[in-house]
Amino acid sequence: MFYSETAPPSDLEPWVHSFWSFSSPPDRADSYEHRVLPDGCVLLVWMPIAEHPEGGALLITGPRMSAMTVDVAPGDSFFGVRFRPGEARSVLPRQVDVRLPDLQNVQLPLQHLDSPLAHKWSERLRFAHGASQIYSIFEEEVREWSGAADQTDGRIRTAVLRLYDGSARIASLAAEVALSERQFQRVFRYHVGLTPKQYARIRRFRGTLANILCAEPHTWGRVATDCGFADQAHLTREFTAFFGAPPEALRAHVAPIAHGTVLL
């Protein structure tokens with residue numbers, strides 16, 4: 001199995017974190033129960049399916065507070081766009097009529113919403129072959145949307161950046177963007193789909209994942225200190241909440257997957 005991410009072109013960087021692909025070889029002996037870890041982002045996912053009437057499934061995945069389990073059969077492929085936290089609401093076309101807070105821990109097939117966007121994308125994607133062709137279609141479509149995008153609330157962009165390492169205090173950050181704490185919580189959740197505290201927890205957790213992929217990993221006690229956890233026990237509790245098991249179990253879980261570029 002292989003997973004890799006690609007950075008977007010510079011003109012799409014304000015909205016897109018990455019394009020990604022995950023595939024399982026057709027000759028793999030069995031299915032793989034993959035756990036997609038929380039990242040604070042909204043994703044659009046294309047899964048080619050030969051027998052599907054539209055050539056595949058087009059899904060929108062909201063931000064999550066726990067891992068999403070996906071059964072990956074031999075020969076399955078997935079391709080996606082990962083939007084930057086706080087940016088999906090401004091750039092997604094009006095046809096995608098969903099509220100981000102309602103998308104938390106939810107994945108929806110866009111075709112079932114009778115979305116013109118879903119049918120347009122499916123018609124283009126069903127004839128694409130390989131990640132490069134699919135990414136090109138993603139880029140063209142998102143570029144078209146971004147030309148008509150609403151201006152993202154600058155206060156939310158500031159807050160997302162300040163919370164990126166999971167260390168900023170919510171009350172101080174609300175004051176920094178000139179909102180009461182209650183207003184800040186409401187506006188942040190509207191744009192991101194998570195509360196500021198939820199997002200900060202996810203970012204702190206994501207900071208530990210480089211140690212999973214590292215050839216010479218540090219001790220988890222050092223990782224806990226470097227990433228701002230109170231102690232190793234705190235780190236382990238967060239791993240259990242987000243992944244469902246302690247850190248070393250995640251290392252074993254991803255061992256069958258060859259990783260290309262990963263943009264944490």
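F2 stands opposite A258 in strand β9, where a strand is a DSSP run of E of at least two residues and a helix a run of H or I of at least four, both numbered from the N terminus. This is a predicted model, in which local features need pLDDT of at least 70 and side-chain atom pairs count only at pLDDT 80 or more, while totals for chains, interfaces and linings use all residues. Residues are numbered from 1 along each chain as its sequence is written, and side-chain values use heavy atoms, with hydrogens and water left out.

Strand β1, residues 2-6, runs parallel to β9, and two bridges join them; two strands count as paired if DSSP finds at least two bridges between them. Both belong to an open sheet of seven strands with mixed pairing, whose order is β8-β5-β4-β7-β2-β1-β9. Because β8 (107-109) and β9 (258-259) stand at the edges with a single partner strand each, one side of each is left without a neighbour in the sheet.

Helix α3, residues 130-146, packs on this sheet and touches β1, β2 (16-23), β4 (43-48) and β7 (77-83), contact meaning heavy atoms within 4.5 Å. The direction of α3 makes about 30 degrees with that of β7, the axes being lines fitted to C-alpha atoms, for helices over the stretch in contact, with angles from 0 to 180 degrees between N-to-C directions.

Strand β4 pairs in the antiparallel sense with β5 (residues 56-61) over six bridges, and M47 has A57 in β5 as its bridge partner. With β7, β4 pairs in the antiparallel sense over four bridges, and here L44 stands opposite V81. Five of the six residues of β4 are buried, that is, under 20% relative accessible area, against over 50% for exposed and in between for partly exposed (1.4 Å probe, protein chains only).
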